[in-house]
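Dear colleague,

Please find below the structure I promised to pass on. My notes on it follow directly after.

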Amino acid sequence: MFQGTSSNVGKSVLTAAFCRIFYQEGYLTAPFKAQNMALNSFVTAAGGEMGRAQVVQAQAAGREPDVRMNPILLKPTGQANSQVILLGKAQGTFPARDYHGEYQKTAWPAVETCLRQLRDENEVLVIEGAGSPAEVNLKANDIVNMRVARALQSPVLLIADIDRGGALASVVGTLELLEPEERALVKGIILNKFRGDIRLLQPALDFLREKTGIPVLGVVPYFSEFSIPEEDSVVLEQEKTRLAKQAQPLRPGHETDAGEAAGRLDIAVIRLPYISNFTDFDALRDEEDAAVRYVADPDALGSPDLVVIPGSKNTLADLRFLHDSGLAARLREDWQRGLPIIGICGGYQMLGRVVRDPLHLESALEVTPGLNILPLETEILPEKHTVQSRGSILAGSLFFEQCRGQAVSGYEIHMGSSRADENQPPLFELEAGGAPYGDGLQAGTAVGTYLHGLFDNDSLRRALLAWLWQRRGQSRPPVRSLSQAAMREQAFNRLADLVRKSVDLAAIRALMGL
């Protein structure tokens, strides 16, 4: 089990790394995280919703995602409220105090059942904790850190992020705050995200061994040559900071944006306050000729080649944000001048005329006008729609002209029902659970769809990028363009190689009894 001295120390990525290592060694391997708080989620083949990080780890282990790998998913809908997903199904929205009180206690039997089933069905279980096991205010009802380790008497590796500073104190302080029986389960320390000369770190490694009596079993270097999707919250804030310079207002007379100046397409994703499933844009970010940046105000928009309005966990509140910030008016004006806009899930709903929430399922708002771009009206309903979908492309204009009739697939996660005006042709003909249906709309250069994972469809993504280059009056430059599946496998293998060289794998195998 991997636990951390804090959030964002790299537990998710290291869990994926060890899933791939043991998969490569021929073990039947599965990941597990009892409770995950994230707005990046996925729908399994059975229609259950689970955290995206455990999906990535399952893929690293060569397994189909299973909701038992992440029995509880918390999706924040406000400052102190979260929708609770239990075994793939929405249970309602709870204030943090209520969830961390009685509800969390009642959820433990489901967690324990999943944990034991996965242990019995697999040869190796790679378990991830959440945050830190030393949060004294949360330990009484803990169901994700040491309670899980105790249930299986699993050896724990404590992870610290040495790049951010204070790692030694974090390790010592975390161990100091654990109960004796909990500390006894910690069998090793891993320092993650190291930059520099490993020889200069040796005094720190010696100190940790002498101070704690626990060996440092690995120093994993910081890497940026390939990417592995992580949890959202903190990571998205880092991405926002990293791209801040690209999102600065353009000076009059300097209309060339960052993407164009670098010889790449400029793709602006609207940074909604309740943005969800921003992993939808990983496939675009991975393309050599595309630069993806996040934008939260009209002055930072510039003159992009494409704007994407992403999914949202609180569509009405995010739509209100678009109006209040001035982005709604700006996007509509730019669309009227021919700006390509793609709305996905909540973004699709926002492109319509109105979104209604009469039962206040997502927010205190009851009705919010949309951007009035697509001929569409949406009502938020209690039943959540979670399916994997596949079908074919019907639309024949814009970039769809190059891929009409080809296959398309993705997944849907939404509580809204959208109704288009009569005689509006859909973008896609889809099928889920044996039932065919149409999805998506187009109006001028704007399109919307409920389909998450849209850009993971290689032919559609390539057609989109080629079309955007054509709009510039250019042909798409020669690029190395692997399929998303191939890039993912390549990244997992490179990650496994990096970690294998950086840890004492023989000692870790011995701890596991392998």
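The charged end of arginine 471 lies over the ring of tryptophan 467, at 5.3 Å from its centre. Likewise, arginine 195 places its charged end over the ring of tyrosine 222, 3.7 Å from the centre. A charge sits over a ring if NZ of Lys or CZ of Arg is within 6 Å of the ring centre and within 35 degrees of the ring normal.

Please note that this is a predicted model, in which local features need pLDDT of at least 70 and side-chain atom pairs count only at pLDDT 80 or more, while totals for chains, interfaces and linings use all residues. Residues are numbered from 1 along each chain as its sequence is written, and side-chain values use heavy atoms, with hydrogens and water left out.

Nine aromatic pairs were found in a search of the whole structure. Rings of Phe, Tyr and Trp (its six-membered ring) pair if their centres lie within 6.5 Å; planes under 30 degrees apart count as stacked, over 60 as edge-to-face and the rest as tilted. Tyrosine 348 and tyrosine 450 form an edge-to-face pair, with 5.1 Å from centre to centre and 80° between the planes. Both tyrosine 348 and tyrosine 450 are buried (under 20% relative accessible area, with exposed over 50% and partly exposed in between, for a 1.4 Å probe and protein chains only). The ring centres of phenylalanine 400 and phenylalanine 428 are 6.0 Å apart and their planes stand at 80°, so this pair is also edge-to-face. Phenylalanine 400 and phenylalanine 428 are both buried. Finally, Phe2, Phe18, Phe22 and Tyr27 make up one aromatic cluster.

Yours sincerely
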